[in-house]
Structures are given as structure tokens and as C-alpha cells.
Amino acid sequence: MAAEMREPIESGCPDGFQYMHPVMRRNYGQWLYHEDPRPGVLVHVARSGEKVWTVRAGTQRILDVFTLRKLMDIGDHYGEGYVRFTIRSNIEYMVADGAKVEPLVKALEDAGFPVGGTRNSVATLSHTQGWLHCDIPGTDASGVVKAMMDELVDEFKGWNMPNRVHMTTSCCQINCGGQGDIAINVQHVKPPKINHNLVGNICERPSVVARCPVAAIRPAMVDGKPSLEVDEKKCICCGACYPPCPPMQINDHQYTQLAIWIGGKHSNARSKPTFQRLVAAGIPNNPPRWPEATAIVKKILQCYKEGARDWERINEWVERIGWPRFFEVTGLPFTKYHIDNWRGARTNLNSSTHIRF
Amino acid sequence: MATKHYPTPMLDVLEEGPWPSFISGIKNLRDNHPDERIRNVTNGVLGQLEHSYETRMGYWKGGTISVYGYGGGIIPRFSEVGHMFPESKEFHTLRVQPPAGNYYTTDMLRQLADSWERHGSGLQTFHGQTGNIMFIGADSKSYQGFFDEINEYGWDLGGAGPCVRTGMSCVGSARCEMSNCNEQAIHRHLLNNFTDDVHRPALPYKFKFKVSGCPNDCMNAIERADFAIIGTWRDEMKIDQAAVKEAIMKKAAEIGKEGDRAAGRQYMFDNVISRCPTGAIKLNDDDTMTVDNSNCVRCMHCLNVMPKALHTGDDKGVSILMGGKRTLKIGDLMGTVIIPFMKMETEEDYERIKELASTVIDYWAENGLEHERCGEMIERIGLVNFLEGIGLDPDPNMIKQPRNVSYVRMDGWDEAAEAWFNRKREEKMAAA
């Protein structure tokens, strides 16, 4: 059998230059500046004087081949056959002929792909796998994004925010996504439910014990079978034990909820990069449209839009107005769960008389 | 003969609204694809997804499969409810490495779509959170054939499991004036130096390289990469004074005060001068700008506001931060500066970055615990031990501020201080 198998060509990461627009290839590393003629459109000018226009459009990320071919047809008929994808799964079309921009924008909009996502807009939510194809998801991802972007599409297509807003979701607490200005992430509120009949056969028990960040799991004999038990008082419900040991089911139709975190910023612009901070929890995981989560997100965005100065990202706005005022203007409750309480938490406490009245 | 469609009342709701609908796309395959196999598998996956929406639970399980010769690169998915939705009881995902910066021709994407349609479900994603093209929905009979086909025309699997993962790079020098490095070259030199570690998972956990061409860090590298490469420069930023004047008047017009120089200047004070984190910029009375480059921290803000007037310098290179990661399991960690600056121009420079990466991965493979990211190991053993382990000297750029706890053994102080002065002397001689 093995003799018939084909040896892989370990080519690794392919050469990107073969897929770049010729103007980009020619002016590689020689760009001088860019302008933003309208939302969703960039024009970059090279030292040589050559220009390349970019049109950015939102997609559903989970693309079927029909939709992918539709996007390619648009690229061939209205663009110049060169595309790329952004980190947030927007498609970008690059053209050297500025006259092609408006027809390209129209073709995309007519086909249902909103053009936008540049500069001070709400960018497409980046998302994870969710119920569609993840093995440990607490919620869906594609559906949450679709439901929220339906409500935020005008903010995607406009330049109405003080600065860019990067939103993300994550469908478990391991968080392969879920970092940004606003993150909608899963929060489990009950310890895993253990199927003791299966643990001994399926799980490598020592590595599951080692996986727990708070040492709440220990080996145990349950009904005469080797299994694991959880100290439920210590358990922080993170679900880290679930991937290596599926019989430790962390997901629950009721106790898997959503939490909203804000102020994550990756750029070094002005302030140093920051982590996102918990602002709201206890939000029901409510498919197919998650209206409770969307309402909170929209409220935060509205307060940010009204209260922040130009160029302030969400974290910088809150830093300036203070957390007490953030909770006041958004109407979100401040609880004991917002207070970090481990050894390193001191850096998150106020050790000054800097208090706004 | 058309098979019965599983009802999808909850998913149907996601066909409404202005944003493109993934549900409509999957249904289109189910209803209109000429290949019965694709119609069936998409019917099954819609059925299972609807079941997830109704019960608020996920039903995929992992496992271990890969293509011949590799140990990873495929995310196995076996359905726990395969008896209810047998058409999609296997729904594996192939992770395929994109080019740095995610560039494609329409022809190439069509070719990939054609291959995928012959073997898989017809669903794909550009791109997953790690940065791979995700071909979602192959069964045990089909993934090898799909891989063999696309591998012949230049595509290779990415990483999955405890291994070097697929890298990510920003749009970079190909289109962005802010870029300070050749992301294409850095990305490929690093990733393709570790193809064995990408394809055969044998490390403590995942290891990610991400390249951002400037400190705007569009790839989120500092928070999300074990090895973050960020383009920067160390000479003076460039100021086009005529363009500064132009920007002032242009801003005035933009805020509805055409011709009002004072209003334009006020905008610059409010949005550029006072936003500089180190107070390094001055707007002079004659509308020129002066920058104290020795105190500029290359944050990028002023360049972002005035891309036509302000530009990066000529002495470009990269800063390298290590140990960034997301939540599991000790909480998020930002990367820490390990290399404040290195040039990235000559073959020797590229050899040096590859050697550095190899040293770090080897040290971590040797000392990291099972399932421990590099940043978690650094936190456990301390930055000093890590630096000694990889053979680098301490540098004040690595810290925000010196220690504030006095409980530390300092009997090696004299030697450490002498080593510092010796290094400084050598740097001076090398620069002379």
C-alpha cells in the first residue's frame, strides 16, 4: 500500500510575488504615501509615481465555491485579476486603473458584498470556527458575526467612528480569536460535567490533571472505575480540560454564556498595546441572532462614538474618561467580577487618589 | 433523485439582512451543485448546524489523521451525531499555507476551487485565525487526493497541533508606505526553515511567527505570536515640510474651515502634537514640524495621521518580541522585547534571524513543559534564565522599568557590571 502513496513536496509557504499585482511587484518597498478617496477604497502612490487602488469588501468568510467564483468573476470583469484577503477576511481587489474603482465598487455592492472596512470604520468581526466545525465550541462564530454585521453594516461602510474598531468573537475560553476593541467571547459559569464511564478509556489522565490552570482536577476512582474528579470550589470553568478529555463536558445549553471585553489594541500607536478588559457577562448564548449581545455592543459603540475624541481607540477613550464613567455612560453594571484577584492583580488596582468626581 | 433536506428554521433566519450570508452560500451548494456528493454533504452539515443551534451544543470530535508523510496539518472532525446526519459524519479541515500577505490571482483561486470541488465539500475560508486557508469538509477517502493535487501546483499544508504553525504577514512592502522590512523574505525564510517542525508536531505546544512591517502591528503579532517580528527604523523620520503645510490647510477644509490656518493648526495640536506619547513633536510658527528623534518611540501615530508629510527613516530593520499568546492557560501574555533592533538586509542577517529562531525553539523544546507556550515558559523560569538559555545579554529595552523587589541574590553584580561596560566598549569600537 505504502508503495503507492505519493511523497509530499515540502514546499512550505509559497512565493507571494507570483500572485501580486505587477504594479505592487514593481514598486515593492518603494511606496510613498496613501490616500482614502472614499470608505473602502485606498490609493497608494509609489516613489515612481505609479499608483494602485484597492477596493475592500466584506465577505461571509465561510465561502462556498459558488461565492468564491462570483468574487473571482468580479475581479476579472471589473478588476485586474489580483486579490488578497485581510486578517479580518475582507477581500481586496487591486487595480492600476483608477477609472475601474467606481464600477468595481458598484459590482460588489450589487452582488451583496458591502464595500468599506477602512480607516475609522467598524471593521468586519473576525471569528473562529464555532459550531460549524470546531470540536470544543460553546457557541457559533459565523452566525454571531452575520447577526452583528447585519446591524453594523452602515458603520462598516462609513467613517463615523473616532478611530478604527476591531471586533472579534471567540467560541470557547481558550480564545483562538476574541481579542480587539470589542470581543464577544464565551464564558462558562459551571464546572464540567464528567462522564465517568468514558474518562478511563479516552483520557490520558495525568496530562488532563496537568492541563488545569488551578490544580482543581485529581485522579479518582468513581464506581470502581479510574476517572477524574474536579474540586468545584477551585474550578474556574475555563474548559482547558475539555479538549484533552471530551468526557469532561464544559459546554452547556444554559451555563455557557457570552461575555464582552473591550479595549484590546494591538497597534503601538500613541499608547502601548493593551489587553481587552471584561465589561459585561451573563449574556445568554441565544442563537440564531444573539440579540442581547448585539444590543450591548451597539450601546458601547454609541457611547464611544459620542464620547471619544478623534483617533482615540476604545481603550484610550476609557483611559481618559475613567472606568467609573464608562460604566455610568453605558449603563452596564459594575460587579465584584470585574476586579482581578490574583497576585499580579495589584497592577490593575487604583493605588492613587486619581478619582474623577 | 434529490434527497430530503433537513429542516433549518433557525439557520434560515441568518439568510436575512444585508451582510453576506454563509447559510445562503451553503444552501446554494446543497440545492444547486451539480455533484450529488456535495449536495449531500452540505445537506448533512446544515442539518447538524441546525441541531447545534437548537440544542446550543457542538457535535464535532477531533482525532488523528494526516496525509502520507506528514503528522499534522489536518484538523480531523468526526460527528458525534453522525447517525442523525450521516452525509457529513466526517468533515475534516485541511490547513493550507497561504503566501505571506495573502496574495492571490483570480486564476489561482479558481484552480483551488476546482480542485476542492473535485474532492471536498466546496466550503473554504480565507483565512482561519492562525492564518491558513481552511478547506472545510473532506472525508477520509478524499483528503489525500486533494492534498496530492494542490501540492503538485505549489501548495503545502500548514501546522496543526504542537508544532511550528503557519505564519502571518501584513500587506507590507507590497503596498504599504509604512513598511520597514521585506515581510515576504522574512516570512518565507523563517517558515520554510522549519517545514519539518510544521509538518511533524513534536514540540511542547504551538509556536507562531507573525510579521508586521511597522509598529501598527496589523498582524496582532505582539499579542498573538511566540515570535513577533515588527519592522522599525533607527535613524530620523523624514518630514516633507511642504506637505506639512499642505496637511494643515487640508485639515482646515476637512473640518469645514476652508482657508482657516489657525483651525488647521489647532487640529494638528489636538491630534498630532499632543498625542505624541513622548512629546517629541513641535509645530513651529511657520507651519513646519520639528521632531526630537532621540525620544521618538516609533509609535506610528503621527505618520498615520499625516502619511503624505511624515515618513519612516532609511535605516530600517526589525524589533523582535517573544512570548505573546492568547488566554489558555495562564491568561493573555504580550510578547517581550528580546531583540530591540536588527538589520534585515543581507543574507547574513537572514541567517542570524533563522539561527535565533532555531535557538529559541530548541531551548523551549528542551525546557518547556507539555502544552506550555514559549511565553509561559519564560514566565515560569524568568526572563533572565531565558536570556542565558538562548545566549543573549540583558538590555534595558527589554523592560518597562527595573525591579522593585529587593529580595534577590546579587553576588554576581561586579561581573555583570563589568560585562556591561565591556559590551558597551565593543559596541563603540564596532560603530567607529
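Me: What share of the contacts in chain A with a separation of 6 or more comes from residues 24 or more positions apart?
Reply: The share is 65%. A contact here means that the C-beta atoms of two residues, placed from the backbone, lie within 7 Å. Please keep in mind that this is a predicted model, in which local features need pLDDT of at least 70 and side-chain atom pairs count only at pLDDT 80 or more, while totals for chains, interfaces and linings use all residues. Residues are numbered from 1 along each chain as its sequence is written, and chains are lettered from A and ligands numbered from 1 in the order in which they are written.

Me: How many helices and strands does chain A have, and what makes a stretch count as one?
Reply: Chain A has 10 helices and 14 strands. The C-alpha trace of chain A spans about 75 × 75 × 35 Å along its principal axes.

Me: Why is E204(A) called exposed?
Reply: E204(A) has 11 other C-beta atoms within 10 Å, so it is exposed. E204(A) sits in the loop between α6 (196-202) and α7 of chain A. Its C-alpha atom is 50 Å from that of H21(A), 183 residues apart along the chain.

Me: And how much of chain A counts as buried?
Reply: Of its 357 residues, 51% do.

Me: What makes β5(A) and β5(B) a pair, and in which sense do they run, parallel or antiparallel?
Reply: Two strands pair if DSSP finds at least two bridges between them. β5(A) and β5(B), residues 103-105 of chain B, are joined by three bridges in the antiparallel sense, so they meet that definition. Here V83(A) stands opposite Y104(B), and Y82(A) faces T105(B).

Me: What does β5(A) pair with inside chain A?
Reply: Its partner there is β6(A), antiparallel and also through three bridges. V83(A) stands opposite Y93(A) of that strand. The hairpin of β5(A) and β6(A) has five residues between the strands, and S89(A) takes a positive phi near 65° in it.

Me: How do you know that both faces of β5(A) are covered?
Reply: Y82(A) and R84(A) on one side are buried, and V83(A) and F85(A) on the other are buried too. In a regular strand, side chains alternate between the two faces of the sheet.

Me: Which strands make up the open sheet, and what makes a strand an edge strand?
Reply: The six strands follow the order β1(A)-β2(A)-β3(A)-β6(A)-β5(A)-β5(B), with antiparallel pairing. β1 of chain A and β5 of chain B are the edge strands, since each pairs on one side only. Neighbouring strands are turned by 25° against each other on average, direction ignored. At the β1(A) end, five bridges join that strand to β2(A), residues 41-46, with Y33(A) partnered by V45(A).

Me: How much of each chain takes part where A and B touch?
Reply: 93 residues of chain A are in contact with 104 residues of chain B. On the chain A side, α2(A) gives the most, with eight residues. By class, that side has 46 nonpolar, 30 polar and 17 charged residues. In this scheme Ala, Val, Leu, Ile, Met, Phe, Trp, Tyr, Cys and Pro are nonpolar, Asp, Glu, Lys and Arg are charged, and the others, including Gly, are polar.

Me: What makes a set of residues a nonpolar core, and which members touch the most others in the largest one?
Reply: Such a core is a set of buried Ala, Val, Leu, Ile, Met, Phe, Trp, Tyr and Cys residues joined through C-beta atoms within 7 Å. The largest has 198 residues, and those touching the most other members are V55(A), L108(A), I182(A), I260(A), L94(B), F135(B) and A228(B). α5(A) gives the most to this core, with seven residues. Leaving aside neighbours within four places in sequence, A228(B) has contacts that include I222(B), I320(B) and L321(B).

Conventions: Helices (H or I, at least four residues) and strands (E, at least two) are DSSP runs, numbered from the N terminus. A residue is buried if 20 or more other C-beta atoms lie within 10 Å of its own, exposed if 12 or fewer, and partly exposed in between; C-beta atoms are placed from the backbone. Axes are lines fitted to C-alpha atoms, for helices over the stretch in contact, and angles run from 0 to 180 degrees between N-to-C directions.
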